[in-house]
Amino acid sequence: MTKAQNPAHEASRTGLSKKALTRAFLDNLFYYQGKSPALATRNDYYMALAYTVRDRLLHRWISTAETYTADRSRTVAYFSAEFLLGPHLGNNLLNLGIYDTAREALRDLGLPFEEILGQEEEPGLGNGGLGRLAACFLDSMATLEIPSLGYGIRYEFGIFAQDIVHGEQVELTDKWLRYGNPWELARPEWAVEVHLGGHTHHYHDQHGRHRAQWIPALTVMGTPYDTPILGYRNNTANTLRLWRAEAPEAFDLSTFNRGDYWGAVNKKVISENITKVLYPNDEQIQGKELRLQQQYFFVACSLKDMMRIMRNQAIPLEQFHDKFAVQLNDTHPAVAIAELMRILVDENDMEWERAWTITRQTFAYTNHTLLPEALEQWPVHLFGKVLPRHLEIILEINARFLDEVRIRFLGDHERLARLSLINEHGERYVRMANLACVGSHAINGVAALHTELLKRDVLADFHALWPERFSNKTNGVTPRRFLALANPRLASLIDRTLGEGWLTDLDRLHGIEPHVDDATFRAEWRYIKRANKEDFAAHLRRRTGIVIDPDSLYDIQVKRIHEYKRQHLNALHIVALYHRLKSDPDLDLTPRTFIFGGKAAPGYRMAKLMIRLITAIAETVNRDPMVRGRLKVIFLPNFNVGTGQRVYPAADLSEQISTAGKEASGTGNMKFMMNGALTIGTLDGANVEIREAAGADNFFLFGLTADEVHALQRQGYRPADHYHGNAELKAVLDLIKEGCFVRGDRHLFQPLVDHLINHDPYMLLADYQDYVDCQDRVDQAYRDQESWSRMALLNIARSGRFSSDRTIGDYCREIWRVEPRPVTLSTRDDMRLDLGRHAP
């Protein structure tokens, strides 16, 4: 009997029982890792368990691909420069429904399940909200059984691993692939060529038509690496396809034999640099060029791959927009518009007008920023150097588009200049947001306020031109990872209260509301919160040696460090509390633990100084015996998805304090809400909708509105007036400026303080008093634990609209026009029959 005929072998590959998992785990430890239990390391155990789970994914993955191919299903192609996936193992165990079974199997073997889960290196494929949103969307598309492909870059190294040394951020290499990645499969047979640089040649063909030929200077290979993205408790496993850059010839033997050892591998080094690191520092022109190469590389690979799928499924090229709905996740992939035009016009002889219709009907664009300086632009000379043919295509798109604008807005030269794809003020730039708007049939913001501000300000001219293209798609997060996996105690309480099924229909959480006035239910909730806080305190002590009190209020702000997110406003409040306690040791104050986490971009000096301020305050406050047990300040180094899964369930207060009108949406606010943290925040991004959903009484609101910020900027904002007119604020800033937190160093924080007093572009000083007054209300509210518990439970009960399932459903109906396609698992007999049909 062969292995394929052996039922026991079949079960070891696909079975979900404890016995089948145990056998597969031991087999994989032996055959994949080449270790016996006596010699195995914790990483060997992790890899063996990961391969055991992956085997069970593969059956669903192959069945999904077969189904989509046979049906020629309309497919979403999600283009994103980032996918911040988080650890795979726990999420896949949850989605397969075998999390508890696997834990029991390893426990019976005497192995520490939680420690093995913690062995996984997080994929260094994203940095912040943009990449985490993309990962949540992949999870929801698989759960909702939406045919889809994620396309991006397989970065060899992440943006960086953050350490804090002497209070300052230090960037270390993020070697996330050093032990291998058991979740991906390389597909070298689907590698594609990508061209860069060179020049173009123009001529007329035999029919007298003008033609263009791109003669590149460099060719690199793009090799796809596929990762299955499993839906929750279904048979769907979609694909995340990431591209790695390689040289066509990695090693030149003749050059090596001539003694030129560097030259023998030079092409390999140049090519592989393209996918070496996430977001290379672009302060220098070389960094800008590398970023542009990255963006073009992954969209060129992806479109070529989509053309391959079209050929395999025998779908005519003219139906490209019927087969694929491409979503551009911000402007990083916007060059795909020019690339698709090049493929259709230059490589397939399609008439411009027909090609443009197909292109426009293919793409949709999600905007993620309200900061004008964050709207991506490339110097024209650099763009032409890297992509000479694409610059010509963009200029042609622009010329035709501006002809339309001239007819629509006769004589409006200022509008023409604003809408142009080329910024002509001073050095010429290619405006990628404008290209994305012109080349897409749909444009969306990611929160109701964000979308309205796009229409009014950032993209106002495009909205005036095409109002029908604009819509809002408020972001969401996956409740599988950020509630069920992160907070199993709370998930169990919800199961007992509502029954199963709510994880794929999160609006059912409203069923909690009738229980919030039940004292026993509230007590159970408080027990869960306390246990989560104890777990986090234990984790923090193991990781940093710092001890925190679970009875204190956990006040948490974890997100990318940026001035508009205003971590330094939070820091000013801590200094104010410290100052109050030093002035009045008998002050009645709710004990608090302030927890920060997040990375500053390596070249962003002010953000790195903000981190230094937080750590300096922590060093002083935490060693002062006068405030011991009353204030504690923590900065979590290298905050990531896995750390977030520990933080969100433990939080009491969620800090969402960005300047109104600056945050597009935010998704951390949603994760905190789902886990029962109360929000202190401005009316910014999705905070507006969170407050609307939770109820004004269950949200701590402060600060200027977006309209008030806009009005204050117009009339002339004078931050120094707040400094001189508010005694406590002046005392706080003076303490910082005088070096009280850095051993008397008066120079370290002077740039930060001077910037606030003289410029303050994000209006910290204008919002300061309202913020500290609101924090005083938090202090009083936390003392009434019955009332606080009720508010927290209402936040959970009303968080259903912030599931990414809802967001994806909106995209499917209103932008993508894609229907769910359930998958039936294929059998081995099906596979043998299919192999017989396709055998050579």
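In this predicted model, Phe482 counts as buried, since its relative accessibility is 1%, and Tyr648, at 5% relative accessibility, is likewise assigned to the buried class. The ring centres of Phe482 and Tyr648 lie 5.9 Å apart with the planes at 75 degrees, so the pair is classed as edge-to-face.

Across the whole structure, 22 aromatic pairs are found. Among them, Phe401 and Trp466 form a tilted pair, with 5.7 Å from centre to centre and 40 degrees between the planes. Because Phe401 lies in helix H15 (residues 388-408) whereas Trp466 lies in the loop between helix H19 (460-465) and strand S17 (470-472), this pair ties together parts that are 65 residues apart in sequence. Phe401 is buried, with a relative accessible area of 2%, and Trp466 is also buried, with a value of 8%. One aromatic cluster is formed by Tyr78, Phe137, Tyr811 and Trp816. Charged side chains also lie over aromatic faces: Arg308 is placed over Trp190, at 3.9 Å from the ring centre, and Lys533 over Tyr554, at 4.6 Å from the ring centre.

S14 pairs with strand S15 (residues 429-431) over two bridges, and Val430 in S15 is the bridge partner of Ile422.

Technical notes. Residues numbered from 1 in each chain as written. Predicted model: local features only at pLDDT ≥ 70, side-chain atom pairs only at ≥ 80, totals over all residues. Heavy atoms only, no water. Pairing = 2+ DSSP bridges. Helix = DSSP H or I, 4+ residues; strand = E, 2+ residues; numbered from the N terminus. Phe/Tyr/Trp six-rings, centres within 6.5 Å; stacked < 30°, edge-to-face > 60°. Buried < 20%, exposed > 50% of the residue type's maximum accessible area, 1.4 Å probe, protein only. Lys NZ or Arg CZ within 6 Å of the ring centre and 35° of its normal.
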